[in-house]
Every structure is written in C-alpha cells, then in structure tokens.
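Student: I would like to understand how the words used for a structure follow from its values. Could we go through some of them together?

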Amino acid sequence: MARGVEVEHTDVNQAATTRPVAQGTRGMVTSGHALTTMAAVRMLLSGGNAFDAAVAAGFAAAVLEPTASYTLAAEGVGMVYHAASGEMLALSGQGVAPRGQTVAYFRDLGLDRIPTGPGDRAHLSFTVPGVVDAYLLLLSTYGTKPVREVLEPAIDYAEHGFPMYEYMHRMLSVAGAREQFDCYPPGGTAVFYPDGAVPPVNSLLVQPQLGHTLRVLVGAERAASGARRAGIEAARRVFYEGEIAHHIIDFSQQVGGFLQLDDLAAYRAKFEAPISTTFAGYDICTQNTWTQAAVLLQALNMLEHVDLRAMGHNSPAYIHTVTEVLKLAFADRECYYGDPDFATVPIEALLSRDYARARVQLVDADRASPGLPAPGDPLTGQAIREGVVLPLMPAPAAAPVASELAAEEGTTHFSVVDGEGNMVCITPSGGVFRKSAFVPALGCTLSTRSEMFFLDESHPNGLQPGKRPRTTLINYFACRDGEPVMTFGCPGGDDQAQANLQLMLNVMVFGMNPQQAVEAPRFSSQSVTNSFYPRAYYPGQLNMEVGMADATVRQVAARGHRIARVGACGIGAIVTQRDPQRGVLVSGADPRRPTYGIGI
C-alpha cells in the first residue's frame, strides 16, 4: 500500500495540491484577494461582462491590496480578448516619465542611476500614473457598465472597511513601510498605523480619503451629460486634469518631484498589437518590449530545441537548462529592450527561430555561466555580440535583505473570463509603501517606476520625457486557432518572466492542471541586474524555493550555481483555462499569497 501511494505522488499529473482548482461555466475570476475577486464576480452576476468585472477588480485591488505593491496612482499592463470581434490586444497602462525628468538633471547631481526610496529621494522617480486611464479605456471600449457601478465595491471597501488579513498585517509590520511614511510626513501613518501600531488581524481597515478620491470619479460621471462613454471621459478628465490631478501635482511640487499638470493631461493609455511566438501547439501572446515579456518568448524559442519532458520536472538537469536559457534571454533584454515608440528594437530578429537555435547552443549542460552572458546579435544571427558593455551595477551590501522583501511583496495580478469567451488579465503595480511617498489628500502613494530607466539616452531603455520605462509587469495569453484558451500571470519583479515560463512549462510540457502549476516549487536566476533601484546584481546566484528537495539543490549547486533558499520566486501566480468547445472554465490560485478564484 505504501509503495502504491509513493508511486502515485511521483506523477506530476497526480500531485496533491493545498486547494482544488476553481471551476465554472458562466464566469471565472481569480485575483490576489478574495474580496477583489468578489468585486468582479458582482459585476458578472449583475449582467456585466469580463471587462466590467476586470475594471471593478482593478479599482477594488487598489483599496484591498496596497501592501502588494499596488495603489491607485500607479500603472498596469494587460492582455484583452473581445470574443465578438475576435480582437486580441495588449493594454498599456504604464505611466511615462514627466517632461522635467531628464538624463542631464541626474548627471548634474553626479548620479549614475535614478534613485527612489527607501529614503527621502522617492520623489525623483515619480512617474505619470497610468492604470486609471487604462481601466477607463477598457471600460469605455469593451465594457457595458457606468463608472459608478464598477467603482461601487471599491468605494464600499474603502469607506466601510474590510478585515485586516494576515499577509497585509505581516507586510505592514516590516519596519520599512512606516519609516518611509516618516520620510514624507504624515504619510499614511494615520490610516495604516492608527494608535501607533498595525491594526490587529480581523479588525476593520477604513480608508476614508481613498474612498473620497474614488467618489470624485463617480461625481464627475454624474455631472456629465450624455451617454455612458461621456461619463467615463468625465471621470478620466477629473483624474488627469481636474481635482485629483491638482492634488497629485501639488504634492509632487511640495516634495520636489517633476510632475506637472501638462504631464498628466497629455497621458493616454492605449491598446497595442501583441507580440507572439509558438510553443507546444500554442501561440503565446504578450506585450512588446516596453515590458520584459519577450524574455519568456525568447526562452521558449530556445527550449523548443530541448527535451524537457525527458529531463523530468524540476530535475537538476531541467532547472539548470531553463536557468541558463533565461540568462541568455535576459542578456538580450538588457541590451535591446525598451519602449518601441522611442527606440528601434529588433523584435522580429530577437524572436526568430534561427537566432534561438544559435543562442541555445551556448548552454553548457554541465556548467553554469558565472554571471550574465554576453548578448547575441539577432540582426546577423550570431549567438554572441562582441564589444557590448551591459549597464551592470555592483551589489550593495544591504541588497540581499531588500531583495527577499521585494520577492514577498511582489505586486498583484488578476484574470477574468466570462461565459461569452471574453478574457482579460491585468498586472497592476506601483507605489510600494517602503519606497514611495504617500499623498494624504488622495489616500494612496505615487508610482516610482521611472527608477527603471537607464541614464543613457542612447540605450533603448534610456530616460526620455514621455517615454515608458521598461517595466517588469507582464502577463500572457496562450491561444489556439487565434482564440485565447489560457491566461498566465505571476507578480514578482524580475522573477515574473521566470515564474511565468515555469507555469507554462508545467502546463504545456508536464500536463499539470492550473492549481498544480501554480503550487509547484519555482526557481529564479539573479544573474541579471535587478530592474529596481539600486540595481543589485548577484552573478551566479540561483534562488530556489524551500519546497525544492535538498538532493536536487545539491545537484544543481554542483553545476556551478550559487544557491539561495527563498520563500518565493514570484508570488500570487494565476493560471486560467477555458475550453472553447465545452465552455468549462478552470483556474488555479497561488497559496503563497491570499490569491483566490471563484467560478460561476
């Protein structure tokens, strides 16, 4: 009997999970918190579609999940599929650099990178908030409901409160959040540390000023005359040109930031054509190189030449090979990726099959590369590009602790599918409490995403006013016959492309269901300059979750990887599947975070 049980649990298709997959036919919502999920479910149950539900989830998450590195005046990245028209688009709600933020300014200060918090320089990396416009664009284009209805759950959570939950309590108990509030007093101390302490678990957390900010959007809609879209546009204007914009600008000027009214008024979120590759019979679609999303596509193209299934899931050979392939893709990210509206990025060449074949031949099956490899030369098809100096920075002494905290913070992610086949997945982020500045008049922090720019105007990711920083935020659709059948998303900074790759391989190569895929232990290379200030770099370091077997870890280390055991390599993962023939919806939610899926 014992032998039979042992054999059963060596089969990944039979692996036990901490919770079952969520199932449904009329709709599926999965997000970073049960109440965020419920906000979206309310829209579906009241006759709304996936786009209405996604917008409701996005605003609700800004209230419920501020310790997941996401508040209202931040950014978001998404994938959108409109079933009736067949339109599949990437959604850019990434904010841009304000016009006063220039390379010359920082160079004159003697800086070689854009600073942010922790500390009193967070205002130097403020970015124009983008996610509100992205939500309103999505609602206006594909939704059916007015602003007041999709904001109703978020306003309710802000004004009437929600129970303090364990993850949020733990993150607020870390000293960094409160110390950063003190750098820009009064910060959010009165809200998140009433009576001088973190409210106990299960006490009600009320955010009246954030509730008021949301009500300003609703009030602008009500004052507008005309159709639903006129009300949505009025809400957008009050955020980017009216009362809310003035609060943002007044605060920025007060603390020495660059944001001006013209920066906000000129901002527009937008839909874009996705980029894609094919793997295991699927078309994998995602955002362009203003994100790091193509890292995963390049990795898949290289792994097409490797028999991963024969290696075995999370075997030493598998972990080593996937890690080395990711290093090669990250080297190209550091050299070539940036906002294609401002830089010429050879994305077709980077995603070519011949180039992938040349690059994967650089993987040594027995020995890890000691750090980030040289980039390739996709335009000529050469595996190595000579003479390129990547903008690597030395690792500060205190960075390992910050890196682990950042991994636990992550950001958040949600996906929505409705019974008609409409599909949305969005990864919103920005305004980390321990790094940013809290605006009391708004009840939220401001994004500091400009920290991701390089202070090199000649680089594709070099700082320029009006440009999108190369964000770590990403998510994916997997499609068959031009129709999305799966979504993938996993917060975690630079770990995002790595975690999402492992989620895909878990499903597409090893046949796991969504819950098994998100619960399986993960790993992540740190042999790339971190995208966030102070840009730590740990050549040769491979983070492996504590769920990995000790014997596996020893064998991976024997190949030359410097192992660090961590709690999470990406946190809050979500995988959603839709069967177009039967209409069955299935989702997996990551137990590393209070992520929760509900099917209807």
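Tutor: We can begin with a pair of side chains in this predicted model: those of D341 and R468 meet in a salt bridge, at 3.2 Å from N to O. The two residues belong to distant parts of the chain, since D341 lies in the loop between α16 and α17, and R468 in the loop between β13 and β14, 127 residues apart.

Student: What makes D341 and R468 a salt bridge?

Tutor: The term asks for a side-chain nitrogen of Lys or Arg within 4 Å of a carboxyl oxygen of Asp or Glu, and the 3.2 Å between D341 and R468 meets that cut-off, so the name applies. D341 and R468 are also linked with K270, E272 and D339 in a network of salt bridges.

Student: Why is R468 called buried, and why is D341 called partly exposed?

Tutor: Buried means under 20% relative accessible area, and partly exposed lies between that and the exposed class, which is over 50%. R468 has 3% and therefore counts as buried, whereas D341 has 48% and therefore counts as partly exposed.

Student: How do you know that H459 is buried?

Tutor: Its relative accessible area is 11%, which is under 20%, so H459 is buried.

Student: What makes the approach of H459 to E334 a polar contact?

Tutor: The backbone oxygen of E334 lies 2.6 Å from a polar atom of the H459 side chain, and because the limit for such a pair is 3.5 Å, this distance falls within it. The side chain of H459 also reaches the backbone nitrogen of N461, at 2.8 Å.

How values were computed
Residues are numbered from 1 along each chain as its sequence is written. This is a predicted model: local features need pLDDT of at least 70, side-chain atom pairs count only at pLDDT 80 or more; totals for chains, interfaces and linings use all residues. Side-chain values use heavy atoms; hydrogens and water are left out. Buried means under 20% relative accessible area, exposed over 50%, partly exposed in between (1.4 Å probe, protein chains only). A polar contact is a pair of N or O atoms within 3.5 Å; within protein, one must be able to donate a hydrogen and the other to accept it, and residues adjacent in sequence count only if both atoms are side-chain atoms. Helices (H or I, at least four residues) and strands (E, at least two) are DSSP runs, numbered from the N terminus.
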